[in-house]
Amino acid sequence: MPQKLNLLIFLLSLLISFFSPVKSYAHPHVFVDCQLTFVFNDKGLAGINEDWIFDEMFGSMVLGEHDKNNDLKISPAEEKSIYNGAFINLKNFDYFTHLNLDGKHISVATAEKFKAFVKEGLLHYNFFIPCEIKFSAKKHRLLTAIYDKTYYTAILLAENNKIKGLKDSKKVSLDFNQLEELSYYYGQVVPDGAILTINP
């Protein structure tokens, strides 16, 4: 009987730990402030430009390894080193960029136009995620959230994201809210994100 009771207690504790939110036992090691710019052309949305600003500690670690002359100015060679040594691996995680178009998940295949620079002592990554949505007779709704499911990196997305290259402002609206459609960890975590509506 005691053996069965011990087994029951073990199974219950396992279930509790399994369904407890990740935040209860995980904590981030890297902190990022992120702002999005939705870039348009004559055909519609071309993609999303992301600007990441890293916390001082992590930025110093990256610069310590790749800014060889320690001048806090990223040369083309140093930028290439950062790209290959610290950025390209994010491809395996969709660059922490989670997209949902009209209720369907969109995979992030690539990031382009990568730039690394230091501003006011902090390391920035700037890059472009292609995401083409053509103007049409149909209304489109694009949800964008930036997060790391492992919580190793904590990303704070700005509420004042931007629109660039749009001639007619009535065609598009940009809002910020919690996105239940992009919730994760069994629906327990609901991220904040940008809501881009492209009108017919």
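Helices (H or I, at least four residues) and strands (E, at least two) are taken here as DSSP runs, numbered from the N terminus. On this basis, the predicted model of the protein contains 3 helices and 11 strands, and these elements follow one another from the N terminus in the order α-β-β-α-α-β-β-β-β-β-β-β-β-β.

Among the contacts that link residues at least 6 apart in sequence, 66% join residues that are at least 24 apart.

The largest pocket holds about 490 Å³ of space. Its lining comprises 21 residues, of which Val30, Phe58, Ala86, Tyr152 and Thr153 are the closest to the centre of the pocket. Two or more lining residues are given by each of strand 2 (44-54), helix 2 (56-66) and helix 3 (76-87), and helix 2 gives the most to the lining of the largest pocket, with 6 residues. Considered by class, the lining of the largest pocket consists of 13 nonpolar, 6 polar and 2 charged residues.

Conventions:
Residues numbered from 1 in each chain as written. Predicted model: local features only at pLDDT ≥ 70, side-chain atom pairs only at ≥ 80, totals over all residues. Heavy atoms only, no water. Contact = heavy atoms within 4.5 Å. 1 Å grid on protein atoms, 1.4 Å probe; cavity = no way out; pocket = protein on both sides within 12 Å on 5 of 7 lines; lining within 4 Å. Points joined across faces, edges and corners; volume = space filled by probe spheres on them. Nonpolar A, V, L, I, M, F, W, Y, C, P; charged D, E, K, R; others polar.
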